[in-house]
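Let's take a friendly walk through a protein model together.

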Amino acid sequence: MKDNNTFNLTDKVAIVTGASKGIGLAIAQILAMNGAKVVISSRKQEAVDEVADELKKQGFEAIGIAAHMGDMQQIDQLVEKTREVYGGIDIVVNNAAINPAYGPIKDVDSMIFDKIMDVNVKGPFELARKAYDSMKSRGGGSVINISSIEGITPGPGLGLYSVSKSALIALTKVMAREWGRANVRCNVICPGLVKTKFSAALLEDKKTFDHVMAKQALPKVAEPEDIAGLALFLASEASSFCTGGVYVADGGYVI
């Protein structure tokens, strides 16, 4: 039987993108609380330093490294700086995402399409790909991509965001298939409606909110911490036989 504490991440190094707030912040906190050395990443250095400093005050190990997930050079630097500071990478959580367009896809400029796909799909691909060699050399690792139920069942007005999140699910399955022999596990989490700044517009839209609440099995809006526990499971040895999985955390919306 394995160690009783299968959620123990001591000596593991985790990169979490979009970690200055919301779901990313909650995931970074729970990984740190369970022993991981956490690299807090988001676009602004000031924001990631603030989170890292707070974690360090609580006795955890963390560092802030700013990177824009639409900038491949910055992603390279994120990986290299992480390896310089901590010696390698064991866990990658691709949480950062954008949705600058709301409305029918026929009205969206192709440049917006490129921007969404760069940040939501190409960026996670590049970060995981660049971290792969380090994870393989350390005996394996875990890639956790944060998609959305929009990637499973597209909602009104979120067309291109839904396309990108669906592509991220497919990308995760391809990585799982190709990287399994190196013990690099790749899974995807699809949150439903979560109380974050990112979802504020949906929460404030009474028609959309009422629609979600009427369809969900659980009559509540999730907190970021409700997603973080699932990420901890997928990052740890508790999920050692899990790869290519699509984990829905939506209160029963897509039942």
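A salt bridge is a side-chain nitrogen of Lys or Arg within 4 Å of a carboxyl oxygen of Asp or Glu. The model you see is predicted, so local features need pLDDT of at least 70 and side-chain atom pairs count only at pLDDT 80 or more, while totals for chains, interfaces and linings use all residues. Residues are numbered from 1 along each chain as its sequence is written, and side-chain values use heavy atoms, leaving out hydrogens and water.

By this rule there are seven salt bridges, among them these:

| Pair | Closest N to O |
|---|---|
| Lys106 and Asp107 | 3.2 Å |
| Glu126 and Arg129 | 2.8 Å |

Arg138 sits in the loop between helix 4 (110-137) and strand 5, and Asp90 in the loop between helix 3 (72-86) and strand 4, so their bridge ties together parts 48 residues apart in sequence. (Helices, H or I of at least four residues, and strands, E of at least two, are DSSP runs numbered from the N terminus.) Glu126 and Arg129 both lie in helix 4, three residues apart, about one turn.

Asp90 is buried at 4%, whereas Arg138 is partly exposed at 32%. Lys106 and Asp107 are both exposed.

Now for the interior. A nonpolar core is a set of buried Ala, Val, Leu, Ile, Met, Phe, Trp, Tyr and Cys residues joined through side-chain atoms within 4.5 Å. The largest one has 32 residues, and helix 1 gives the largest share, seven residues.

Note on methods:
Buried < 20%, exposed > 50% of the residue type's maximum accessible area, 1.4 Å probe, protein only.
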